[in-house]
Number of protein chains: 2
Amino acid sequence: MSEFDVLCIGNAIVDIIARAEDDFLHENNIIKGAMNLIDADRAELLYDRMGPAVETSGGSAGNTAAGLASFGGTAAFFGKVCDDHLGGIYRHDIRAQGVAFDTRPLTDTPPTARSMIFVTPDGERSMNTYLGACVELGPEDIEEDKVAASKVTFFEGYLWDPPRAKEAIRKAAEIAHANGRQMSMTLSDPFCVDRYRDEFLELMRSGTVDIVFANEDEAKSLYQTADFETALTAMRTDCKLAIVTRSEKGSVAMDASQTASVSAHAIDTLVDTTGAGDLYAAGFLYGYTNGFALEECARLGSLAAAVIIQQIGPRPQVSLRQAGIDAGLIRG
Amino acid sequence: MSEFDVLCIGNAIVDIIARAEDDFLHENNIIKGAMNLIDADRAELLYDRMGPAVETSGGSAGNTAAGLASFGGTAAFFGKVCDDHLGGIYRHDIRAQGVAFDTRPLTDTPPTARSMIFVTPDGERSMNTYLGACVELGPEDIEEDKVAASKVTFFEGYLWDPPRAKEAIRKAAEIAHANGRQMSMTLSDPFCVDRYRDEFLELMRSGTVDIVFANEDEAKSLYQTADFETALTAMRTDCKLAIVTRSEKGSVAMDASQTASVSAHAIDTLVDTTGAGDLYAAGFLYGYTNGFALEECARLGSLAAAVIIQQIGPRPQVSLRQAGIDAGLIRG
């Protein structure tokens, strides 16, 4: 098996995206900016109330895999869909982007996961996710040869929501480390951190995870502090490489020996923040697995995030490789 | 039943949109800029070769209905879907836009229609449509009360492709005219005109259709002439109101007593031409059924077309009413 830059593991979700006013979020008890977990009944109710929508493949780690491939990196993905219409769309989109995806689909129920995403006029997205088939991802879905062949195995903190995915991640970490590879995760969402704080800290402090991505709110939530510097210092101690994104304030990447701070990439118009963190991770990990310096990795992350928030949906509609060349960050 | 500004009748289609290079069209024998009819096998083949895609409701007359509702007009739609996943998406999207849609869905096969749309770097779209459930639309789907209650009943020339829709249109025309209402059609596509030229001319000359929308290529194809003025003069003779769109060269609307020529509405970046003609018709008919002068109708059409070609997909992601107010064409 040839080498992959990054293997991504996550909830395989189709996004259903519509615009909404802030009042709508309030009336429907949707926490703004967060990933709200919902059951099948609430999914039906919210869809009835939702405006005209656009469907696109999504899911945090899946978006990162698609972004990596768009940069020209080699990527693989593990995630559970059902063999239904949405599952077909998901499989098509990620494979068509050039990502290796062979996780066995469910043949019966539950159906493929979907997230209803409401984008408010400020560009912020509020997600409402029915996990569906994702609850069946387990250690049996870890393809050992792909883990062994991947420079970095990256997963989303959201995988702690379904019941057995964490076992899959622990198995992947053993294989990765036994093969001299690295493990990486994103903390996903401040509420997700709140649900699994102790387990996430244990993953970092035990060395199960080497590289951690977080945004400012997630980092603060992890250490239950209102002070950004306190969170940064703690993260640097708790993992080998920590990357913290701060929206328009830029991002910072820190390992034991260096700190790289970069500003956010300039944008014209903020359209939809869906996928910003996922694509930042894609750009950073593309750079990281292809020998770029830490600061360059952060710049590639910022560029990818800037591209994705100027379009609807989290999968890049333009070539990120070309965007990187145009920005002078990648040699053409 | 309260009055509708416009009832739209057309093929109910879900669009699957992806970017592609011109070479891809050539290699796959896709006629650029046209609506290519395909069967189920070719649909599967092209989907396998298609890049990562976005799904959105589409279909020419359905897009016009959605545009009318987005302007704040009252709209209804007749079109055939199957009671499957894509059919559910189609029904949701058009109703969520505020369009009355009650056509009985098929319960078995064929499945809901889909069109794979390849958007080349120049923004041009090339459609590949599998008609699926649309082939079952017939006179039994004409809800007489809605036709009688609609100021204008608008349909797409594409309805001559499925076998029985033309019977439905003739039935609708009888009801509309018996109730003092008007009939309108779009010629849809120059190749469609080529397939049904004599029938389309008969619809116009017999007075079955009162208002006809065409783009420059369709008008020339209808009269088999290379000369635009020749086509214009003939169209003015053959119908009560003719509207011809010319992309960046603007549009012209002509009835027996007047001619209104307007320039195209300025745009920043051409993204995807999908839905340009459909949304022009939406803007024009919104104005026409709400007492605007011919020139103002054409300006509303140009505005709606400009909005839709600066986004991916043919359903407006912003309020066209607000866009009309911002442009000074509609009083807020």
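Entry 1. Before looking at helix packing I noted the rule for handedness: a crossing is left-handed if the near helix is turned anticlockwise from the far one by less than a right angle, and right-handed if clockwise. Helices (H or I, at least four residues) and strands (E, at least two) are DSSP runs, numbered from the N terminus.

Entry 2. I noted that this is a predicted model, in which local features need pLDDT of at least 70, side-chain atom pairs count only at pLDDT 80 or more, and totals for chains, interfaces and linings use all residues. Residues are numbered from 1 along each chain as its sequence is written, and chains are lettered from A and ligands numbered from 1 in the order in which they are written.

Entry 3. I looked up a helix pair in chain B. Helix 3 (residues 60-70) of chain B passes helix 10 (residues 276-288) of chain B in a right-handed crossing. Their axes come within 8 Å and cross at roughly 45 degrees; axes are lines fitted to C-alpha atoms, for helices over the stretch in contact, and angles run from 0 to 180 degrees between N-to-C directions. Helix 3 of chain B and helix 10 of chain B are therefore oblique to each other (under 35 degrees is roughly parallel, over 145 roughly antiparallel, 65 to 115 roughly perpendicular, the rest oblique).

Entry 4. I listed the residues that meet, taking contact as C-beta atoms, placed from the backbone, within 7 Å. Helix 3 of chain B contributes S60(B), N63(B), T64(B), G67(B) and L68(B), and among their partners in helix 10 of chain B are D278(B), A281(B) and Y286(B). By class, the residues of this contact are six nonpolar, five polar and one charged (Ala, Val, Leu, Ile, Met, Phe, Trp, Tyr, Cys and Pro are nonpolar; Asp, Glu, Lys and Arg charged; the others, Gly among them, polar).

Entry 5. I turned to strands, which pair if DSSP finds at least two bridges between them. Strand 9 (residues 150-156) of chain B is parallel to strand 1 (residues 4-9) of chain B, over five bridges, and F4(B) has S150(B) as its bridge partner. Five bridges also join strand 9 of chain B to strand 10 (residues 182-186) of chain B, again parallel, with F155(B) bridged to M185(B).

Entry 6. Which residues does the contact between the chains take? I found 22 from chain A and 22 from chain B. Helix 4 of chain A gives the largest share of chain A's side, six residues.

Notes:
Contact = placed C-beta atoms within 7 Å.
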